Amino acid sequence: MLALALPSLAADPIAVVNEGGIRDKWMLAPGVPLATPQYPAQFVRRHDTVCLGVGYLLRPDGTTSDFALLRGWTSAGDDEPEAGYWQAFAESAGDALRRWRFQPRPEVTQAKPVYTVATFVFGGSSAAAQNRSKCAIPNLVQRLRELKAARDRRTASGDVLDDLELR
């Protein structure tokens, strides 16, 4: 499973923005398309529709890192229909996100890291529109607070959640 782990980037907390909220300070790097994840080959025979909300850190240099599965849904209806199911889909999404490249908008004088989320739907283009809402995260700060509270009950170890501005 993708982990929420990140060495501290700076003394300042990292801003958290909802999906699409980076557009006021960032734009796609010229000539770099948004890569899309591939349906994991080992699960193609299932024909499930799968939706993921994957968090990622957009670094000041425009690269992405620290991918984390924040929410998932499958038409299979089970938490994990087969061993490695969620990990395979999350890794595919992470592989696509890793190829995304951004650059600050011209009016931005100093690029700062930001944590955001992308929603991916596996299982055909008709599935995307009707299933995207099942794993979209409309309030990323709230979702990260929920995950941090659950993590704090399990462990006190530091990770990217400790570096995020969750107000």
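Biologist: Which does R45 count as, buried or exposed?

Modeller: This is a predicted model, in which local features need pLDDT of at least 70 and side-chain atom pairs count only at pLDDT 80 or more, while totals for chains, interfaces and linings use all residues. Residues are numbered from 1 along each chain as its sequence is written, and side-chain values use heavy atoms, leaving out hydrogens and water. Buried means under 20% relative accessible area, exposed over 50%, and partly exposed in between, with a 1.4 Å probe and protein chains only. At 53% relative accessibility, R45 therefore counts as exposed.

Biologist: Which residue forms a salt bridge with R45?

Modeller: A salt bridge is a side-chain nitrogen of Lys or Arg within 4 Å of a carboxyl oxygen of Asp or Glu. Side chains of opposite charge can pair when their charged atoms come close. For R45 the closest N and O atoms are 2.8 Å apart, and the partner is E82.

Biologist: How many residues apart in sequence are the parts that E82 and R46 tie together?

Modeller: The closest N and O atoms of the salt bridge between E82 and R46 are 3.1 Å apart. Strands (E, at least two residues) and helices (H or I, at least four) are DSSP runs numbered from the N terminus. E82 lies in the loop between β4 and α1 and R46 in the loop between β2 and β3, so the separation is 36 residues.

Biologist: What is the relative accessible area of R132, which pairs with E19?

Modeller: R132 and E19 meet in a salt bridge, 2.9 Å from N to O. The pair links distant parts of the chain, 113 residues apart. R132 is partly exposed, and its relative accessible area is 34%.

Biologist: Which residue forms a disulfide with C51?

Modeller: A disulfide is a pair of cysteine sulfur atoms within 2.5 Å, and by this rule the count comes to one. C51 lies in strand β3 (residues 50-58) and its partner in the loop between α2 (125-131) and α3 (140-154), so the pair ties together parts 84 residues apart in sequence. C51 counts as buried at 0% relative accessibility. The sulfur atoms are 1.7 Å apart, and the partner is C135.

Biologist: The backbone oxygen of which residue lies 2.5 Å from a polar atom of the T64 side chain?

Modeller: T64 lies in strand β4 (residues 64-74) and is buried, with a relative accessible area of 7%. Contact means heavy atoms within 4.5 Å; not counting residues up to four places away in sequence, T64 touches several residues, among them Y56, W100 and F102. The backbone oxygen in question belongs to L97.

Methods. A polar contact is a pair of N or O atoms within 3.5 Å; within protein, one must be able to donate a hydrogen and the other to accept it, and residues adjacent in sequence count only if both atoms are side-chain atoms.
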